[in-house]
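Please keep the sequence and the structure in view while reading.

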Amino acid sequence: MLESIGYAGAWLCWIIPMVGAALTPAFAKLGPRIRDYAAVLSSFLAAVFASFMVSLLREDLRFFKSVSFGWIPLLGVRMGVILDPLSIIMANVVAWISFFIMVYSLKYMHGEPGLTRYWFFMNFFIGSMLLLVMADNLLLMFFGWEGVGVCSYALIGFWYRDAKEDWLKCWVGEEDEAYPPSHAGMKAFITTRIGDVCLLASIFIIYAYARTFSYSGLLSRVGEWAPVLSSAGLLLPAAILFFMGPVGKSAQFPLHEWLPDAMAGPTSVSALIHAATMVKAGVYLIARVLPIFWLAYVEAGAIELSAFFTTIAWIGAFTAFLAATQAMVAREIKKVLAYSTVSQIGYMFLALGAGGLMVHGVVEGLTAGMFHLMSHALFKAALFLAAGAVIHAVESRFMYHMGGLKKYMPITYAMMLLAAFSLAGVPPFSGFWSKEAVLTVTWRAIWERGPALIGPFVLAVVTAALTAFYTLRAVGLAFHGEKSHRVIELETEGHKVKEASPIMYVPYAILAVASLCIGLVGWIFEEQIKKTFEEALSSISPHEILHTPVAHSGGEVVAPQLIILSLSLLALVVGAVPAYFIYIVRKVDPSAISARSPALRAIHRFFFKRWYINKFYYKVFAYPMMAACRGLYKWAELEGFDKTIISGLASGTVGLASRFRKIQTGFLNYNIIGILVGLLVVALILLRLGGLL
């Protein structure tokens with residue numbers, strides 16, 4: 001009975017949100033309240049059905065166990081859902097966090113125009129992400145993959161009218177890098193399409209040799225197609241192209257610039273994108289195919305895939321550091337969190353890349369990557385929702401418009417502090433354990449594979465210190481110190497800055513407390529995930545190769561937990577102590593420090609300008625393309641097509657009509673004779689052409 005319910009849940013958890021999205025316009029006809037609650041109910045049912053699958057974890061679930069039926073017989077493609085620990089864990093993370101965000105939206109989006117559109121795309125977003133997670137083949141997965149892309153475009157640009165008077169609420173960025181919502185939505189759509197094209201090309205290259213899209217088929221025949229693809233010199237290019245899809249979706253360097261500007265959308269959308277959908281899709285996809293590529297590397301002899309795993313690790317570590325430096329100087333509270341997401345996603349890719357490199361460590365890589373994904377989903381959703389409550393209260397996204405909010409919003413402050421501690425890696429919060437797991441697997445990869453990952457490991461430790469700094473900075477600027485001129489102005493106008501509604505703060509309170517609770521049993525939680533993955537993976541490869549530590553001349557090398565623990569705590573102290581004195585107790589004035597140092601001002605400007613990468617992309621790619629499009633529109637469409645063809649045809653038709661109208665005499669007999677003569681001429685021409693005359 002439980003097994004049948006679990007299998008049904010695998011289908012219904014993604015079908016129900018999509019059906020709910022389709023019915024949203026119909027519910028809107030019945031009334032806004034019915035529409036709103038029906039939308040939230042759809043997400044709740046999705047979470048319930050996702051929970052039903054948890055009962056299947058007690059079985060001996062192997063990786064890539066699917067339930068499917070015929071779909072495209074000509075290609076041998078079946079439509080099915082995949083039931084293994086990875087999909088079940090991920091589906092529950094997505095579904096439950098999405099539900100809490102939908103509940104939060106009831107109050108946060110209350111009174112906004114276009115809510116039917118909002119609820120439609122939110123549910124379709126959730127359904128598409130769950131389809132991506134549950135799909136048992138690459139082709140069906142790609143439908144969900146593109147679905148989340150379309151929804152992100154629609155929801156990031158939700159306030160598409162780009163009203164200048166709503167600049168504080170709806171726009172994102174400052175100075176010459178301030179963008180309206182419609183621009184930010186299109187930027188996300190176009191940037192992620194670059195990665196999607198690469199991913200689609202890789203999928204078809206692999207299909208051309210493997211003749212299957214299914215994960216289980218790719219795995220069972222990896223010894224057949226991987227060597228052939230390798231001998232053709234296409235395995236590594238196909239793997240790198242495959243990785244480019246997650247690079248775009250998960251906003252990793254060099255396709256990372258869309259995500260900070262995605263903050264132009266409502267905060268509930270930002271929370272959904274960063275915590276439950278979209279950016280987590282890339283991490284999940286790499287985790288999903290990691291056993292396939294790992295088996296090709298370890299057992300099929302495709303040694304060039306070491307470059308693939310190394311690339312994943314380096315891109316992840318560098319992106320983590322890059323985004324953390326930008327978060328240190330950002331002045332918009334949601335942008336700090338956006339940079340933080342880019343950074344933390346980098347940690348997840350680092351763990352997966354390091355795990356794939358090790359002959360004996362794929363389980364550790366999967367465990368660390370997925371544990372950090374789950375941990376990050378909880379505390380980042382809480383942080384975004386709490387930040388939304390603050391923005392809602394002060395009607396501004398800038399942290400210099402906040403300050404002193406601790407006494408006005410004590411519940412929000414407490415919950416945001418809990419989530420911030422987890423992000424900063426403060427023990428015993430979940431973020432501490434999951435970040436330590438990433439550092440541990442990277443350290444083990446260095447011992448097994450040599451110095452290739454020393455650079456990523458150092459960047460990861462430095463990033464941990466930067467994370468602690470910018471996290472406390474954001475909390476201090478928003479909640480500590482004196483109240484800002486903005487708050488004083490609002491109070492003068494009769495607007496009372498107060499605590500958020502319970503409908504808003506209960507969801508992020510649950511998520512923040514959950515982050516603490518998981519942290520309290522973090523090491524147990526990590527070991528349980530590891531054991532689950534190990535048991536599932538043992539069905540596809542000899543059990544020993546998955547977890548036996550590699551032997552060196554000095555005996556077995558085990559990651560020294562004491563060293564990793566010491567480095568984690570040192571990074572926390574190095575980052576948190578300066579932030580505490582500067583932004584919490586305000587003993588040090590940062591502007592006075594930078595005023596005395598031109599070098600610090602230059603570094604600050606460099607970080608604030610996003611390393612000038614964003615500006616470089618606009619000057620080299622965006623502006624020339626927009627100029628070319630404007631030129632094509634003016635000369636090809638207006639001057640060419642419209643003026644020459646459309647206007648020319650219209651003028652010619654009018655001229656021809658004006659000439660022929662003169663033969664219309666008004667006398668029936670003359671008109672009939674004219675028609676007959678014309679028909680006779682046409683007949684003679686046709687007979688001549690046919691050779692009969």
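Fifteen residues form the lining of the largest cavity; Glu174, Glu332, Lys335, Tyr339 and Phe608 are those nearest its centre. On a 1 Å grid over the protein atoms alone, a cavity is a set of points where a 1.4 Å probe fits but cannot get out, and lining residues have an atom within 4 Å of a point. Two elements each give two or more residues to this lining, namely helix H15 (333–357) and helix H26 (598–608). Helices are DSSP runs (H or I, at least four residues) numbered from the N terminus.

The structure is a predicted model, in which local features need pLDDT of at least 70 and side-chain atom pairs count only at pLDDT 80 or more, while totals for chains, interfaces and linings use all residues. Residues are numbered from 1 along each chain as its sequence is written, and side-chain values use heavy atoms, without hydrogens and water.

Five cavities of 30 Å³ or more are found in the whole structure. A pocket, by contrast, is an open set of points with protein on both sides within 12 Å along at least five of seven lines. Volumes are the space filled by probe spheres set on the points, which are joined across faces, edges and corners.

| Space | Volume | Lining residues nearest the centre |
|---|---|---|
| Largest cavity | about 140 Å³ | Glu174, Glu332, Lys335, Tyr339, Phe608 |
| Largest pocket | about 800 Å³ | Val329, Arg473, Tyr583, Pro590, His604 |

Helix H26 also gives the largest share of the lining of the largest pocket, seven residues.

The largest nonpolar core holds 244 residues, and those touching the most other members include Trp225 and Trp258. Such a core is a set of buried Ala, Val, Leu, Ile, Met, Phe, Trp, Tyr and Cys residues joined through side-chain atoms within 4.5 Å; buried means under 20% relative accessible area with a 1.4 Å probe, protein chains only. Helix H16 (residues 362–394) gives the most to this core, 23 residues.

Aromatic rings of Phe, Tyr and Trp (its six-membered ring) pair if their centres lie within 6.5 Å; planes under 30 degrees apart count as stacked, over 60 as edge-to-face and the rest as tilted. The count is 47 aromatic pairs. One of them joins Phe308 and Phe309, a tilted pair with 5.2 Å between centres and 50° between planes. Phe308 is buried at 2% relative accessible area, and Phe309 is buried at 0%.

Definitions and conventions: Buried < 20%, exposed > 50% of the residue type's maximum accessible area, 1.4 Å probe, protein only.
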